[in-house]
Amino acid sequence: MEKTPAIKYATSLLRLMLAWVLASTLLFGIAHAQSAEPAMVVIAHPATAEDSIPRASLRAILGMRLQRWPGETPVKVFVLGDEVPEHATFSKSVLQVFPHQLRMAWDRQVFSGQGQYPEAVSSPQEMLAKVASTPGAIGYVKASEVTPNVRVLKIR
Amino acid sequence: MYVCSRYVRTTYRLLLVGLVLSWGTTARALDLLDGDFQLHGFASLTLVKTTDNNFFGQSDNQISRDFSEVGVNASWRLTPALQLSAELLSRRAGGTDDGSVRLDYGLLDWTPLSSEEGRAGIRMGRIKTAYGLYNTTRDVPFTRPSIILPQSIYFERTRNLTVSADGAEVYLERYGEGGTLSASFAYGQPQTDTEAAKVPLVGLNRPGSLDSKLAPALQIMYEGAGNRYRLAITALRLDLKYDPGFGDILHAGSFKLTPLIFSAQYNDENWSLTTEYALRRTAIDDFGPYFYNGTFNGQSYYVQGTYRLTPQWEALLRYDAYYADQNDRDGKDFAAATRLPGFTRFAKDWTVGMRFDVTPQFMLRVEAHRVDGTGFLAAQDNPNPQALRRYWDNFMLQASFRF
C-alpha cells in the first residue's frame, strides 16, 4: 500500500527541518561572534505630537504600510543603506526585524503596486538634517549622535 | 496588419529595455517630488537546457534563450491616503509568452482608515492576485527564491488565469504586539482572452474561446515576530466557460477551479524554511466525448530551504510535488481513458540552486532540477505528448538587473 501524499509531505517536511536545525546549530557559533553594538534611537521631526510609539506601529511605519501619523500628517521615512552597520543594528535591536526581511517586505510592496521605498540617506548627519527639516519625518541615529533639533521617540 | 503590430511590439520592447538600461547606467531609481513619485524596474535573461522535453522554448539538448522578463513601474503617492501605481511588463517564455508589452498592474489604492493599530482600504483597477506567498511579484526575479517558482503551485503554463484580475480588492491590516494580521478580498475579471490562458485548459489549436465569471479571491496572512513567521491561507474560485468555435469537436463545457493554499514560512537571520500546500478541486463538465470530463482533487506541495552563506551568496534546496488527481496519482486511469502518457498527470521536482548578488542591482542565479513526470510542461513547447519523456533534468542560468 502506498503512503498517502499527506504522510509523505509530513515526513519530507520533518526531514528537511531536522537537516536545517542541524546545519544552523553548527554555523551558529561562527555567525554569533560579534562585537558590542551602539545603542540606536528613533528620531522624529520636532513638531511630532507623540513622544513614544508602540513597536508594532514602528514596524508598520518602517515597513512602509502605515503612511499617516494620528494627526493625519504624512509619514516620511528615512533610512541608511542596507550595508551600513547602524541600519542593521537598528533593524535587529529596535525594530526586531532582520534587515534582509525588511528589504524583502519593501520589494514585495513596490513591485506589486502596494507601496513605495523609504528615502535612503548617505550619513547620520544627513539623517539628522532631513528629519529635523521634514514635517512628519522619522528616522534613527546612534543615541550619542542625537541633536536638540529632533525628537527622540521612546518605544512603548 | 500583423507586420505593423509586430513592429509596434518590437518598438515598445526596445523602449522598455532602453529605459531600464539608461537608468541602469546611473544604477539608481528615479525619485521625484521628494520621493512621492518613484520609478523602478527590472530585466532578466535566462538560459535553459533540458536533457529531454522542452521548457521555455526549444531546450531539449540545446540552449534556449527564450525566457526573459522586463518590467518598469511607477508609483505616485498623491496624498497619504491615495497612491496610484502601474507596471508595464514584457515577458518571453517559449511558446507561452511572446514578449508583447502589457499592463501588469494599474491601480488606485485608497486607505481611508488608518491609525497606530492598523489600516483599511480598497484597491481598484488591475490588481495582482494575492495567491500564496509569491504570486503578487512572481515575475520579479529578486523577489523569488529561485529562477522559477515551485511549479506545483505557481504553474508557468496557467499563470494568466491567476496573475491578476480587473476589479477591486478590499484590505485590512492590524498591527499587534505579536505581529501583523492582514486580510484581503478581491473580486475581479481574470484574463482569459489569450492563447496562453486557453491552451493549458482545452489544448492546442481549438477554435473556441474561453470566458470567465468575476472571480473572488481571499487571503488571510499573519506575520509574526518581525516577519520571522509568515502564515497564510488563500482561497480562490475560477468559473470558466468554453464557447466552441466553427467546426469544434468540443462542446460548450465548463471549468470550475477552486484552489485552497496553506502557506508557512520561518525566517531566521541566515536561513528560511518555506512550505506551501495546495488542494486544487477541478470540475470539468459538458465538453462532450472528445475530452477528459470529471471532477478531480489535485494536490500540490513543496518544502524549500534557503541558506545565506554570506550576504552575497544564497543556496537553495527544494522538493516540489504535483498530482493532477489524488485518486489517480500515477495517471493510470487517465492513460487508460485517453491513451496519453500517465506521467503527464504528475511531476516531482528536486531543485538545487545558488544565488549570487554581485551588487544590490545585479544578480546571477544557477539552478538544476531533476524531475519525474511532465505535469507542469506547456503544450505549446511540447505539442506531441507521445514524444515526452518521464525522467528529465533541467539546468538554468539567469542574470537579472533592477533599479
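One term before we start: two strands count as paired if DSSP finds at least two bridges between them. Keep in mind that this is a predicted model.

Let's take the pair that needs that term. Strand 2 and strand 6 of chain A, the latter residues 151–155, pair in the parallel sense over two bridges. In this pairing, A:Ser52 stands opposite A:Lys154 of strand 6.

Now the whole sheet. Chain A has six strands in an open sheet, ordered 2-6-1-5-3-4, with mixed pairing. Which strands stand at the edges? Strand 2 (52–53) and strand 4 (119–121) of chain A do. Each has a single partner strand, so one side of each is left without a neighbour in the sheet.

Helix 5 of chain A, residues 124–133, packs on this sheet. Helix 5 touches strands 1, 3, 4 and 5 of chain A. Its direction makes about 145° with that of strand 5.

Next, the contact between the chains. Chain A brings 38 residues, chain B brings 48 residues. On the chain A side, helix 1 (5–31), helix 2 (55–62) and helix 4 (99–110) each give two or more residues. Helix 1 gives the most, with ten residues. By class, that side has 21 nonpolar, ten polar and seven charged residues.

Last, confidence. Chain A averages a pLDDT of 87, and 81% of the residues score at least 70. Over residues 29–34 of chain A, pLDDT stays under 50. The model has one contact beyond four places in sequence for that stretch. Where pLDDT is low, predicted coordinates should not be read in detail.

Conventions:
Residues are numbered from 1 along each chain as its sequence is written. Chains are lettered from A and ligands numbered from 1 in the order in which they are written. This is a predicted model: local features need pLDDT of at least 70, side-chain atom pairs count only at pLDDT 80 or more; totals for chains, interfaces and linings use all residues. pLDDT is the predictor's confidence in each residue, from 0 to 100. Two residues are in contact if their C-beta atoms, placed from the backbone, lie within 7 Å. Helices (H or I, at least four residues) and strands (E, at least two) are DSSP runs, numbered from the N terminus. Ala, Val, Leu, Ile, Met, Phe, Trp, Tyr, Cys and Pro count as nonpolar, Asp, Glu, Lys and Arg as charged, and the others, Gly among them, as polar. Axes are lines fitted to C-alpha atoms, for helices over the stretch in contact, and angles run from 0 to 180 degrees between N-to-C directions.
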